[in-house]
Each structure stands twice: as structure tokens, then as C-alpha cells.
Amino acid sequence: MLNDYLTPDTIRFADSVDGWRDAIDRVTRPLLDAGDITPEYVTAITDSIAAGGTYIDLGFGIALAHSRPENGVVRTSLSSLRVAMPVLLNDEAEHPIDLFFCLAATDPQGHLNTMMELATLLSDETLRTELLASTSAADTLAVITKIGQNA
């Protein structure tokens with residue numbers, strides 16, 4: 001499923017960003033540009049984080065930005081942003097993030113399926129290390145295609 005949604009167009013890299021809000025703007029941009037989400041979806045994510053929503057921190061410097069479907073999901077989609085310098089999620093030192101994913105799911109099952117694949121990826125130390133070392137969309141996609149092969 002991840003390789004159905006992550007494409008060279010939705011995988012981004014940045015040397016630096018101007019804080020977590022800029023990171024959220026950048027990770028959601030490919031989905032906005034494709035019409036997969038509305039600006040209200042981005043606002044819902046940002047508002048949630050600002051209200052203490054550091055629950056999107058999955059550990060290992062990885063965050064999954066998302067909101068409820070009714071907040072502006074048009075089509076199920078996924079994007080990623082790898083930043084060279086970690087960003088403090090909600091400006092909290094306990095939450096340094098250098099890999100952001102943005103998930104937009106039209107229904108709860110799509111959300112759960114994507115979360116399960118991400119959990120599989122992130123719980124595999126080898127794959128997680130390779131993912132965090134990726135420097136191009138091709139590198140990222142090569143790691144994603146290995147999900148399930150290492151089991």
C-alpha cells in the first residue's frame with residue numbers, strides 16, 4: 001500500500017525548514033497540488049499539533065501528520081519530507097523530527113492499513129535505518145518495496 005501512494009512526486013527532501021509549521025506545509029504540498037487534500041486539512045493538522053498533538057511523533061525522529069477524513073481529504077494519499085536538520089515538533093525538545101509523513105485517508109480502514117504498513121517498516125531496524133539514510137526518492141522507494149520481504 002505504501003508503494004501505491006508514495007511516488008517520486010510525493011517524496012520530498014530539504015536541507016532545512018523554518019520550524020515544524022514549515023515542515024507541515026512542505027510535506028502536505030504535494031497532496032494539495034494533486035488535489036488529494038484541501039487547505040482545511042493542512043490547517044486541521046497544524047491546529048492539532050499546536051494544541052499539543054505531539055502524538056504524531058512515532059519515535060526514531062519520524063512523525064505521521066494526519067487528521068480526520070472530514071477535515072479535507074479528497075483521495076487517500078501519502079507524502080514524505082526528509083529534512084537534514086531535525087525540527088522540534090511543536091517546538092518541544094523531546095520531539096526532534098527529521099522525517100515527516102503526511103497521511104490522508106478517506107476512510108478508517110485505509111488509515112489503519114497504512115498505519116500497519118508504517119508500523120511494519122518502522123519496527124524493522126534494518127529498513128528503518130535504510131529509510132532514514134535515504135537521500136533520494138529512488139532510495140526511499142527501494143526501501144518501501146522491501147516491506148514484507150524481510151519477514
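How many residues does helix α3 (residues 39-50) have, and how far does helix α3 reach from its first C-alpha to its last? Helix α3 has twelve residues and reaches 17 Å, close to the 16 Å expected at 1.5 Å a residue; the expected span is 1.5 Å times one less than the number of residues. This is a predicted model, in which local features need pLDDT of at least 70 and side-chain atom pairs count only at pLDDT 80 or more, while totals for chains, interfaces and linings use all residues. Residues are numbered from 1 along each chain as its sequence is written, and side-chain values use heavy atoms, with hydrogens and water left out.

**View 1. The open sheet of five strands.** The strand order is β1-β4-β5-β3-β2, and the pairing is mixed. Strands (E, at least two residues) and helices (H or I, at least four residues) are DSSP runs, numbered from the N terminus. Two strands count as paired if DSSP finds at least two bridges between them. β1 (11-14) and β2 (57-59) stand at the edges with a single partner strand each, so one side of each has no neighbour in the sheet. From one strand to the next, the twist averages 20°.

**View 2. Strand pairs within the sheet.** β1 and β4 (residues 77-88) run parallel and are joined by four bridges. Phe13 has Arg82 in β4 as its bridge partner. β4 and β5 run antiparallel, with eight bridges between them; here Ser79 stands opposite Cys102 in β5. The pairing of β3 with β5 is parallel and spans five bridges, and Leu99 in β5 is the bridge partner of Ile62. Eight of the nine residues of β5 are buried, so this strand is largely enclosed by the rest of the structure. Buried means under 20% relative accessible area, exposed means over 50%, and partly exposed lies in between (1.4 Å probe, protein chains only).

**View 3. Helices α2 and α5 across the strands.** Helix α2 (residues 20-33) lies across β1, β3 (62-66), β4 and β5 (96-104), and runs at about 155° to β4. Helix α5 (residues 125-133) lies across β3, β4 and β5, at about 100° to β5. Axes are lines fitted to C-alpha atoms, for helices over the stretch in contact, and angles run from 0 to 180 degrees between N-to-C directions. Contact means heavy atoms within 4.5 Å.

**View 4. Thr28 in helix α2.** Thr28 is buried, with a relative accessible area of 0%. A polar atom of the Thr28 side chain lies 2.8 Å from the backbone oxygen of Ile24. Leaving aside residues up to four places away in sequence, Thr28 touches Ile37, Val42, Ile45 and Cys102.

**View 5. The buried residues of helix α3.** Tyr41, Val42, Ala44, Ile45, Thr46 and Ile49 are buried in α3. The buried residues of this helix pack against α2, β3 and β5. Just after α3, Gly52 takes a positive phi of about 105°.

**View 6. The buried side of helix α6.** In α6 (residues 137-144), Ala137, Thr140, Val143 and Ile144 are buried. They cover an arc of only 125° around the axis, which puts them on the same side of α6. The arc is that of the directions from the helix axis to the C-beta atoms. An α-helix has 3.6 residues a turn, so residues three or four places apart point the same way. The buried residues of α6 pack against α1 (2-5), β1, α4 (108-123) and α5.

**View 7. Asn90 and Asp91 in the loop between β4 and β5.** Phi of Asn90 is near 55°, a positive value in a residue other than glycine. Asp91 also has a positive phi, of about 60°, although it is not a glycine. Asn90 is buried, with a relative accessible area of 16%, whereas Asp91 counts as exposed at 60% relative accessibility.

**View 8. Gly19 and Val87.** Gly19 is found in the loop between β1 and α2 and counts as partly exposed, at 27% relative accessibility. Gly19 and Val87 are 68 residues apart in sequence, and their C-alpha atoms are 5.9 Å apart in space.

Methods. Polar contact = N/O pair within 3.5 Å; in protein donor to acceptor, adjacent residues only side chain to side chain.
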